Amino acid sequence: MSLPEHNFLKTVIEAFKNDVPKKEYGKLSKATIQCARRDLEQCLNAIPGANFDNVKILRSQLTIAEMGNWSLLKEGPIEEAVSEYEALLKAKANQERAASNLESNKKSETSTAKQTVTRDYGEQINENDDVPEPRLKHVDTAELLMMKREREDTDDPDNEEDVPMPKLKHVDTAELLRRSTEAGKKLYEGNASIADLSDVYRPTRIAEMFLLLYDNEWTDAFEQLIQMNVTERQAIQKLLQYLENAFKYCEKEVEQVKLQHEETIGDKVNKDNLNQIIRCYIDECVRLTYLMNVQNPPMKLHQVDKGTQFNSNIYKEYTRTGQTVEYLVWPALLLYEDGPVAAKGVVQLSVT
């Protein structure tokens, strides 16, 4: 089966190739970019082995375009972003070709199987070969006539009663589909341990995106703060504060704001006078923490206090090994409150 078309993403890529070099940005509206980001995520989900690391530059260019900072759209990164997209298309074509070959092989095997039959003693022959006629058992004609006469005497057509055919109950296909959908919702609703694989933003996927946020945007923002002469500890605390503020804000807003208005949340978070890289980090924090809070039940960030015994089932070490926590670097993500760990966090340990 072929993968779905991603028209918004195609539109943005065409604009990157043809319009941006001419400084024409009419096709790169905020709504189009947001739809293109969702197209990209769906495309990655549909291609085995593909992940955000394969399109890191493309994602960064989409973020810049979404914020309307056209001066940051440079020719070199744009070309690399287009190359990443073309690599995805190639992977998609390879997948479809492999699926087509597999289907052809199945049909070929079925056709071959139909051309042979097997005798009782196990020898395979071609269906066009002459198969010996089975020997007929001898039947006594007199005995056959006697059996027929006895049957006619027993069967009395006058005593036969017409048995009415049972009425078939009409089945409403639409009703069956409705009930099936309701049953599926009841199964998934409030049960985070059962994943709805049709949901692009299911908890396991959000956990993966949360880890990528730490590996990518967090690292970029951290390095930017270090270059701005901020100490390592201060940079870690500042980035952690941005994440926690975004989570608390989305937790309050989730009942009033729908997912299609997600951009309004990002607009309300104060990002004045911030470096572009740090703004991108905050935008991704807002987007992910919103998705965490719209789950049913909501996902939660795990907090740990200084002096707490290190638990390797929930956290990983930052740069030192030890037995107790000195400070939190990146929170763990729980499937729901007091629930299992969806993504491990990172802590700095005390040297004692």
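Helices and strands are DSSP runs, numbered from the N terminus, with helices taken as H or I over at least four residues and strands as E over at least two. In these terms, Asp 338 of the predicted model is placed in the loop between strand S6 (332–334) and strand S7 (341–343). Phi of Asp 338 is near 60°, a positive value in a residue other than glycine. With a relative accessibility of 73%, Asp 338 counts as exposed, because the cut-off for that class is over 50%.

A positive phi is also found at Lys 23, again near 60° and again in a residue other than glycine. Lys 23 belongs to the loop between helix H1 (7–18) and helix H2 (30–46). The relative accessibility of Lys 23 is 67%, and the residue therefore counts as exposed.

Peptide geometry was examined as well. The bond from Asn 296 to Pro 297 is cis, with omega near 0°. Pro 297 is located in the loop that runs between helix H10 (276–293) and strand S3 (300–302). For context, most residues other than glycine have a negative phi, and most peptide bonds are trans.

Cysteine residues were considered next. A search of the whole structure finds zero disulfides, where a disulfide would require a pair of cysteine sulfur atoms within 2.5 Å. Cys 43 has a relative accessibility of 7% and so counts as buried. Cys 280, at 16% relative accessibility, likewise counts as buried, because the limit for burial is under 20%.

Note on methods. Residues numbered from 1 in each chain as written. Predicted model: local features only at pLDDT ≥ 70, side-chain atom pairs only at ≥ 80, totals over all residues. Heavy atoms only, no water. Buried < 20%, exposed > 50% of the residue type's maximum accessible area, 1.4 Å probe, protein only.
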